[in-house]
Amino acid sequence: MKISAVSSEVSTESLIATFKAMSHATVLLVMALFAASQTCMTLFFLFSKIFLINLYLNVDRSIISQLKGLNLTGVLPTEFANLTNLQELDLTRNYINGSIPTNYSQLPLVNLTLLGNRLSGTIPKEIGDIGSLESLVLEDNDLGGPLPENLGNLTNLKRLFLSANNFTGTIPESFHNLKNLTDFRIDGTRISGKIPDFIGNWSKLDRLDLQGTSMEGTIPSTISLLTNLTELRISDLKGSSRPFPNLQDLKVLEYLTLRNCLITGPIPNYIGEMQKLKQLSTTVLCSGLLRLSDILYGLFSQV
């Protein structure tokens, strides 16, 4: 089948007639080709056509839309909430600006990925109403403001990526409900306050990234409960000096970063017994021990 270039002047009626002759998979492929075309680069055009497909073809199966790196521009259309079967929306690395529409809470999304765009404003509290959501990836945008308490309602959430944004305030207390989290990242934000004790509830956590924030205080003792962690990265904690955290039960750790956390005292011997450890990067407030840390880092980096 030969597909010619499509412009925004193509009539809705002709598109519907064409789509009715296609399989569901072919329709989605054509949409991706539309997006890649130099004559069709706006989200409003692309998604309005997808909406028409869903409406007129009476699609009763789940629509999965992955539109990564297609140089899409414009804003996220509110009409997209009418795609009542949409389970996955992945718009990674485009040029989408504006805010996240509040009515996306009507969608049965399992995965919402908007990484690497130009989104601004706050995370709508309504996102916390998407009970089916398992993955929320908002990294590398210009989002700001406090994190909504409602996100703590996402009890099925497994991945929450918020790094490289301008979030302020503290990690909400409601996040203690996120017991299915396996991956939490909030690097490079202006989140402040202490690392909450309730992270011990995140017993399924495989990766925890808290680097380059405005957080302060000690690393809570409850971190020792995260026995499934393979990657732990914390840096730039403010406040007074503190001892090395108890990580003895984290036996499957592969990557450990504790830099500029005002840690004093010796590096525990059990660190040298972590057989799965591939990389260790620490700083401590003692020149002799700092040298030992650097030596260990160099050795493990070569593994």
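What we have is a predicted model, where local features need pLDDT of at least 70, side-chain atom pairs count only at pLDDT 80 or more, and totals for chains, interfaces and linings use all residues. Residues are numbered from 1 along each chain as its sequence is written, and side-chain values use heavy atoms, with hydrogens and water left out.

Let's start inside. The largest nonpolar core has 69 residues; such a core is a set of buried Ala, Val, Leu, Ile, Met, Phe, Trp, Tyr and Cys residues joined through side-chain atoms within 4.5 Å. Buried means under 20% relative accessible area, with exposed over 50% and partly exposed in between, for a 1.4 Å probe and protein chains only. Among the residues with the most contacts inside this core are Phe184, Trp202 and Leu208. Strand E17 (255–264) gives the most to it, with four residues. Strands here are DSSP runs of at least two residues, numbered from the N terminus.

Now the rings. The structure holds three aromatic pairs, meaning rings of Phe, Tyr and Trp (its six-membered ring) with centres within 6.5 Å; planes under 30 degrees apart are stacked, over 60 edge-to-face, and the rest tilted. Phe184 and Trp202 have ring centres 5.1 Å apart and planes at 55°, so this pair is tilted. Phe184 sits in strand E11 and Trp202 in the loop between E12 and E13, so the pair ties together parts that are 18 residues apart in sequence.

Next, the strands around them. E13 pairs with E11 in the parallel sense over three bridges, and four bridges join E13 to E15, also parallel. For strands to pair, DSSP must find at least two bridges between them. Arg207 in E13 stands opposite Asp183 and also opposite Glu231 in E15. Which residues cover the two faces of E13? Arg207 and Asp209 lie on one side and Leu208 and Leu210 on the other, and all are buried.

Finally, the charges. There are 10 salt bridges, each a side-chain nitrogen of Lys or Arg within 4 Å of a carboxyl oxygen of Asp or Glu. Arg185 and Asp183 meet in one, at 2.8 Å from N to O. Arg185 is buried at 17% relative accessible area, and Asp183 is buried at 9%. Glu231 bridges to Arg233, with the closest N and O atoms 2.6 Å apart. Salt bridges that share partners join Arg207, Asp209, Glu231 and Arg233 into one network.
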